[in-house]
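Here is a short tour of one protein model. Keep the sequence and the 3D view open as you read.

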Amino acid sequence: IKDKNGNSTNPANSNNVWHKDRGYGMVDALRAYELLSVGQVFKSTTISQQKGWTYAMMTGKNQVDTYSIVGKKNNRIVLTVTWNRRPTRAWNTPQQRWVYSDESSSKFNVNLTIKDSGGATLFTEAESLNNLEKVDILLPGDDTYTVELRNPGTKRNRNYALAFELLPPIPGDFNLNYI
């Protein structure tokens, strides 16, 4: 798939970088279909499947939702979280149309943390400027990992989506760089 300027969007190409308005510029439709076909996962349960997704709502201020995912040593967890922000709408009289703008400050965010069963933090990201967080990390051992999503502010009744895959090592990849 090429971007609007005709450039390759291959993620293996080192010139392909994240763009704030369109991400990496590609969608793997088959992979998305396969991920959505496995069925929804639910918070506060132990998840032993290799991939899953959920769509849920942060109903309270400072709410924390947790997902426990069973992973194996040297598997990669590839996880994406995205959430809705409420745009504001104003009538532009000279242009005779509605004008939409991004949610006013403070914007709704979801803080993401991944921990092992001993409570050691493997990944954390807070106060994202956009409404998307992506994680791709190597799991250090056979364990149940906790994915924690936190609403750090006062906004409530906002939806978020989470999708993940556990990818096993590639045979013959002795340095575990997934190439």
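## Aromatic rings

Rings of Phe, Tyr and Trp (its six-membered ring) pair if their centres lie within 6.5 Å; planes under 30 degrees apart count as stacked, over 60 as edge-to-face and the rest as tilted. A search of the whole structure turns up one aromatic pair.

Trp 91 is partly exposed, at 43% relative accessibility. Trp 98 is partly exposed too, at 37%. Buried means under 20% relative accessible area, exposed over 50%, and partly exposed in between (1.4 Å probe, protein chains only). Arg 89 lies over the face of Trp 98, 3.7 Å from the ring centre. For a charge to sit over a ring, NZ of Lys or CZ of Arg must be within 6 Å of the ring centre and within 35 degrees of the ring normal.

## How the model is read

The model is predicted: local features need pLDDT of at least 70, side-chain atom pairs count only at pLDDT 80 or more, and totals for chains, interfaces and linings use all residues. Residues are numbered from 1 along each chain as its sequence is written, and side-chain values use heavy atoms, leaving out hydrogens and water.

## The open sheet

Five strands form an open sheet with mixed pairing, in the order β1-β3-β10-β7-β8. Strands (E, at least two residues) are DSSP runs, numbered from the N terminus. Two strands pair if DSSP finds at least two bridges between them. The edge strands, β1 (46–47) and β8 (121–125), each pair on one side only.

Strand β7 (residues 111–115) runs antiparallel to β8, and four bridges join them. Lys 115 has Thr 121 in β8 as its bridge partner.

Asp 143 belongs to strand β10 (residues 143–150). Asp 143 is buried but has no salt bridge; Lys 72, the nearest side chain of opposite charge, is 11 Å away. A salt bridge needs a side-chain nitrogen of Lys or Arg within 4 Å of a carboxyl oxygen of Asp or Glu. Lys and Arg count as positive, Asp and Glu as negative; His and the chain ends are not counted.

Asn 62 is not a glycine, yet has a positive phi of about 60°. Asn 62 lies in the loop between β2 (51–58) and β3 (64–71). Gln 96 is not a glycine either, and has a positive phi of about 55°. Gln 96 sits in the loop between β5 (88–92) and β6 (97–101).
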